[in-house]
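Subject: Structure handover

Hi,

Here is the structure I promised to pass on. My notes follow below it.

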Amino acid sequence: MESSAAEVVQRLRDAGLRVTAPRVAVLEVLAGHPHATVDTVATLTRQRLGRVSTQAVYDVLAACADAGLVRRIEPAGSAARFETRTGDDHHHLVCRSCGRTTDVDCAIGQRPCLTPSDDAGYLLDEAEVVFWGLCPGCRTDRAGAPAPSSTRST
């Protein structure tokens with residue numbers, strides 16, 4: 001889902017963050033490329049702004065995550081990925097072959113959607129679930145040819 005620059009600016013202001021070109025560009029990139037890695041976000045942000053350091057992108061992502069504008073997910077064995085879909089209890093489907101990551105709504109719809117056998121005294125408010133398997137493209141590739149080993153996200 002693409003966000004307009006005006007929407008991004010308002011979201012930054014509502015979160016109490018200063019509006020800067022890198023922040024706007026990073027949030028616009030993530031709106032169009034959910035589950036992107038830092039490298040992908042940096043590359044696409046540079047295409048929009050010209051020069052911007054990878055450290056600046058890390059800083060923007062950290063500030064936006066702290067403000068609740070960005071969610072960081074870290075599927076096992078994968079680079080951290082970022083998305084702007086926050087504030088709901090959704091989970092992820094991850095392809096074991098290509099790394100494609102897809103949102104899936106929580107089946108229960110309320111936090112936490114899973115209850116451990118023993119909460120050890122914790123006050124639980126969230127469960128992070130990652131489902132692993134093969135995406136439709138890799139299933140098709142496996143039927144006829146070896147699947148690509150590159151990582152992509154959607």
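Start with E83: its relative accessible area is 0%, so E83 counts as buried. The cut-off for buried is under 20%. Keep in mind that this is a predicted model.

E83 does have a charged partner. It forms a salt bridge with R71, and the closest N and O atoms are 3.7 Å apart. The two residues come from distant parts of the chain: E83 lies in strand β3 and R71 in strand β2, 12 residues apart. R71 is also buried, at 11% relative accessibility.

Salt bridges

The structure holds 6 salt bridges in total. Two others involve R85. R85 pairs with D88, with the closest N and O atoms 2.6 Å apart. R85 also meets D105 in a salt bridge, at 2.3 Å from N to O. Shared partners join R85, D88, D103 and D105 into one network.

How accessible are R85, D88 and D105? R85 is partly exposed at 27%. D88 is partly exposed at 25%. D105 is exposed, with a relative accessible area of 54%.

Strands

β3 belongs to an open sheet of 3 strands, in the order β1-β3-β2, with antiparallel pairing. β1 (36-37) and β2 (71-73) stand at the edges with a single partner strand each, so one side of each has no neighbour in the sheet. β1 and β3 (residues 81-83) pair over 2 bridges. In that pairing, A36 stands opposite F82.

β4 (residues 90-95) and β5 (residues 101-105) also pair in the antiparallel sense, over 5 bridges. Here H90 stands opposite D105, the residue that bridges to R85. The hairpin of β4 and β5 has 5 residues between the strands, and G99 takes a positive phi near 85°.

Helix α2

α2 (residues 21-32) has 12 residues, and at 1.5 Å a residue they should span 16 Å. The end C-alpha atoms are 17 Å apart, which agrees. The helix is mostly covered, with 9 of its 12 residues buried. Among the buried ones are R23, E28, V24 and L27. What do the buried residues of α2 pack against? They pack against α1 (5-14), β1, α3 (38-49), α4 (54-66) and β3.

Best wishes

Conventions
Residues are numbered from 1 along each chain as its sequence is written. This is a predicted model: local features need pLDDT of at least 70, side-chain atom pairs count only at pLDDT 80 or more; totals for chains, interfaces and linings use all residues. Side-chain values use heavy atoms; hydrogens and water are left out. Two strands pair if DSSP finds at least two bridges between them. Helices (H or I, at least four residues) and strands (E, at least two) are DSSP runs, numbered from the N terminus. The expected span of a helix is 1.5 Å times one less than its number of residues. Buried means under 20% relative accessible area, exposed over 50%, partly exposed in between (1.4 Å probe, protein chains only). Contact means heavy atoms within 4.5 Å. A salt bridge is a side-chain nitrogen of Lys or Arg within 4 Å of a carboxyl oxygen of Asp or Glu.
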